[in-house]
Amino acid sequence: MKFSLDFIKEFVEVKVSPEKIASLLTMSGLEIVSTEKVGSDTSFEAEVTSNRPDLLSIAGIAYEVGALLGKKSKLALKKVPKQPVFNIPIVIESRKDCPCYFGRLIKGVKIEPSPKWLRQVLKSCGIASVNNVVDITNYCMLKWGQPLHAFDLSKVEEKIIVRRAYPQEKLICIDNKERILNPEALVIADKKSVLALAGVMGGKNSEVLSSTRDIFLEAAIFSPILVRRARRFLGINTESSYRFERGVNPVYLEQASWEAAYLIGKLAKGKISGCKKAGSLPLVRRPWIKFEVDRMNGFLGTQIKQAKAGKILNDLNFEIEKKKTCFLVKAPSFRQDIKASQDLYEEVVRIWGYHNIKESLPLIRKEIRKEESFYKFKESIRSKAICLGFKEVVTFSIIPRKNVLSDFLQEPVKTRGFFSSSGVTITNPLRLEEDLLRPLIFPGMLEVLRYNVYRKERSLKFFEIADSYVLKDNSFRETAKLCLGWHSDTIDDFYAFKGKAEFFLKALGIENPHICEEENPLFSNFCSIDDFAWVGVLRSDVAEKIDLAKVFLAEFDLEKISKKAKEVLFEEINYLPWVERDISLALREDIRFKEIETIIKNKTASLFRSLEVTDVYKGEKIPRGFTGFTLRIFYQHKTKTLEAQEVDSVHFSLRAELSKLDGLLLR
Amino acid sequence: MQEKFNVIKQEAQEAIRKVSSLAELEEARVRFLGRKSKLASLSATFSGLEPSQRPEAGRLFNEVKVFIAGILEEKKKTFSFSKERIDITFPSKKTDTATKHPLSSVVRTMCHIFEAIGFEIQEGAEIEDEWYNFQALNIPLEHPSRDAFDTFYLDLPAQGKYKYLLRSHTSPSQIRLMKKRKPPLAFVVPGRVYRPDNVDASHSFMFHQVEGFAVDRDITFAHLKGTLLYFAKHMFLDEAKLRFRPHFFPFTEPSAEVDISCIICRGKGCSVCKRTGWLEILGCGMIHPNVLKACGIDSKKYQGFAFGMGVERIAMLKYGINDIRLFFENDLRFLRQFYEV
Ligand SMILES: [Zn+2]
């Protein structure tokens, strides 16, 4: 809202500078975003919050400026003279859509440019001058906050009807654009056609032009919701719709209408010839609200004097009745936002000045109990991931329906096993197609890997902690997940990745989880860990498609993990010496390590401490289809020092057992 | 006699300190311990001493001789081990360590500041419904005050008349906590929020907020100001000042927008603060009685404050980042500039 300081000065004496006014208003809730000199006047541009439609009028701002300067605006309501009722019928189809419609006739006007003073006021308020009649309607709207509309009476056929538009009904508005309406829109029509989009914009067909002689002046109250829907649907925001949407003050309606008619009579030399009211003005509720200064001070932490509070409320045009221990306060008609005592506290304190409130810290009382916080659990997961060498990333929860994986999945991220569920869809996405709430975190991870691979980084370890959203039989589940992503040029790094994943679970006290290998269309290796995680190696065709080499991924369901995690306790250190023995062997490629590991553990039983692969090789000495490696086995007894003989005998029988295995060669 | 020995001792110490090669060191040895050294010629004079003085002269002679031999040996070692020395000006190996995302570390810093004065950290869900995101927060369905909260709606069967959506602020978590717990209450709630804003240098359809609120019998606006000032001083600078401007939010009354004295120019005026010396950082206010009522809290007995701030905004100010998109691109050249773990 742009407004003129000179216009305000008609109601309040202002002795301070425009800069001071701007700062006072900003610091009391009417933010002045720019100040501009217009001749000898100053034009302010204010940002009006949606709860204060009264500040869309000079009348409202004048009270505000007055209270800030410690005086009261001199704005007064004038007596509206009685007028004969004209005989053009006004029909309101629904009082809900339009509670009141007030018409006036002004005949024999002379349409001319406005006088200089009027043009200047409008200019300072950011409104272009059109002609005297239109300018007067705008002037009165600015002053009272009540939008008015002038029709060329000769274009009105028989009667005025306030009704919903018919489907596909058309109207060319005064901005020369044709608009196709629907029954959501409220219109002003005559017997034959639509004349205006109620509360939003007038039609070309009834516009006031230089040839216009007789004026039909509209002042009405339209449903804020209908005006809002119409202007949103049609994408037009006007001075009028802006005010109707926020609510106009019924008390000012006839005032504004009369003043406009009076000015048209005076400046356009017309003859005010009758009025008519259809419907009735909505009742303005102005309840008495109890105001206790001690309660206010207890609410705000202030020491505002009762007299000071009273003065502020009075300057803001509130009615005050003094009782023994409190005030009874009635808000002015233009302050429908005031409903309870807190609203009055705000009025007082914002004029008194927020800066006058002295800061202090609250003493927060606390219950004696353990505060379980999932945030803190996630923080501990975050630290563990960082300790394991993964860098944190943050990616979008909303992903394109057509994403890096679409080519490999019939439907995005929807297949058997772990991907049995699909994501939640956004009905009003920002961009079409970008409407999927991700059921899994890793598509975002792949994007990050690719982004950095394109920037010549090859060795990447990232993690993300974020929520995933899964649709499940008409319902949904939102769960926090940890996603690990590793990009490397060699598959051997998988074992390092595996080691980190194992370490992660160990650190959470999760031991011997059930690991199940599965087929998966995206992964060459894929396994689930209990019901709370999965680990996979991206299939090479998928990886190549997105320009990546080897990609290892894992996702952990943090809610499930938080229930399983337990504190890891100290384990007694075994200080007894251990003995190592190496076995060099070659394993046929169809034999899995797991098989020999089971044999080793069975055979060595209580002497087994750990094993390690010290060396892997393929080559001349190794038969085709075999892989050679050296295994180092560590033996240790729990309670006594091992004798070499004892180890040798166990180790020998282990070798004997291994040699029986088809596909294993001892060397 | 003593005097003479001392002179020799000092002379030797001085000279050996200045030696810079093994050859020079040998020269020094000859000069101070050789047959023609001053020490040797001094000892030649012992025969002329009284017999009673001779043992003392002998003792002094030995002491000085051992001393000089010692410093010669010490010096020699420094020459022989100097081969071990390496060229420390050779380029170092690059270190890259795992770190937190800057948004995570800023969230943690923010939450910990509030935790230190008694706030508990909790989180809430991102999928919410209209009741929690709007209705309970005193935001009417069709009203201009709703315009600030454009929202992503979800294709999920509605809960009664309330449709599912992605929360457009962290305030629904305030409602959930107020419904679940009884006063006294003091929480901070960090989390992701979503608004269908077109992406540019200062807008993102996904961003992070930290919400905070406290409810008890005597929580005042002065406490709100104090709490936020405490936060600003810990998050930014001890000299930080806050400016509370009255504003409108449906869920608080009175409400305020809060500006911090520009941390770049320290309030003198620069391009970041558009010459005003102030930067808007958050919105806050005293919790509206309707909101307390919606959560089953008696607004006659209890009162409280609430605030909400954008994490990206705070992080951008703290680190001097000028484009919000950098947080979500995850470019290593960006991530490597943050060191929090
Ligand atoms: Zn600045």
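These notebook entries record what I looked up in the predicted model, from the A–B interface to a strand of chain B.

**Ground rules.** I worked from a predicted model, where local features need pLDDT of at least 70, side-chain atom pairs count only at pLDDT 80 or more, and totals for chains, interfaces and linings use all residues. Residues are numbered from 1 along each chain as its sequence is written, chains are lettered from A in the order in which they are written, and side-chain values use heavy atoms, with hydrogens and water left out.

**Entry 1: the interface.** I started with contacts (heavy atoms within 4.5 Å). Chain A brings 84 residues, chain B 86. Next I looked up the buried area, the accessible area (1.4 Å probe) that two parts lose on being put together, summed over both. For chains A and B that is about 7500 Å². Carbon and sulfur atoms give 58% of this area.

Entry 2: I looked for salt bridges (a side-chain nitrogen of Lys or Arg within 4 Å of a carboxyl oxygen of Asp or Glu). The rule finds ten across the interface. I noted the one between Glu379(A) and Lys100(B), at 2.8 Å from N to O. Strand S22 of chain A, residues 460-472, gives the most to the side of chain A that touches chain B: nine residues. Strands here are DSSP runs of E with at least two residues, and helices are runs of H or I with at least four, numbered from the N terminus. I then sorted that side of chain A by residue type: 33 nonpolar, 20 polar and 31 charged. In this scheme Ala, Val, Leu, Ile, Met, Phe, Trp, Tyr, Cys and Pro are nonpolar, Asp, Glu, Lys and Arg charged, and the others, Gly among them, polar.

**Entry 3: Thr227(B).** I found this residue in helix H8 of chain B, residues 221-235. Is it buried or exposed? Thr227(B) counts as buried, because its relative accessibility is 0%. Buried means under 20% relative accessible area (1.4 Å probe, protein chains only). Leaving aside neighbours within four places in sequence, its contacts include Ser360(A), Leu361(A) and Pro362(A) from chain A, and Phe114(B) and Phe305(B) from chain B.

**Entry 4: strand S5(B).** I went through residues 206-216 of chain B. Eleven of the eleven are buried, so the strand is largely enclosed by the rest of the structure. Both faces are covered, with Met206(B) among the buried residues on one side and Phe207(B) among those on the other. I checked its pairing too (at least two DSSP bridges between strands). S4(B), residues 185-194, pairs with S5(B) in the antiparallel sense over ten bridges. Leu185(B) has Val215(B) as its bridge partner. S9(B), residues 303-310, also pairs with S5(B) in the antiparallel sense, over eight bridges. There Asp216(B) stands opposite Gln303(B).

Conventions: Buried means under 20% relative accessible area, exposed over 50%, partly exposed in between (1.4 Å probe, protein chains only).
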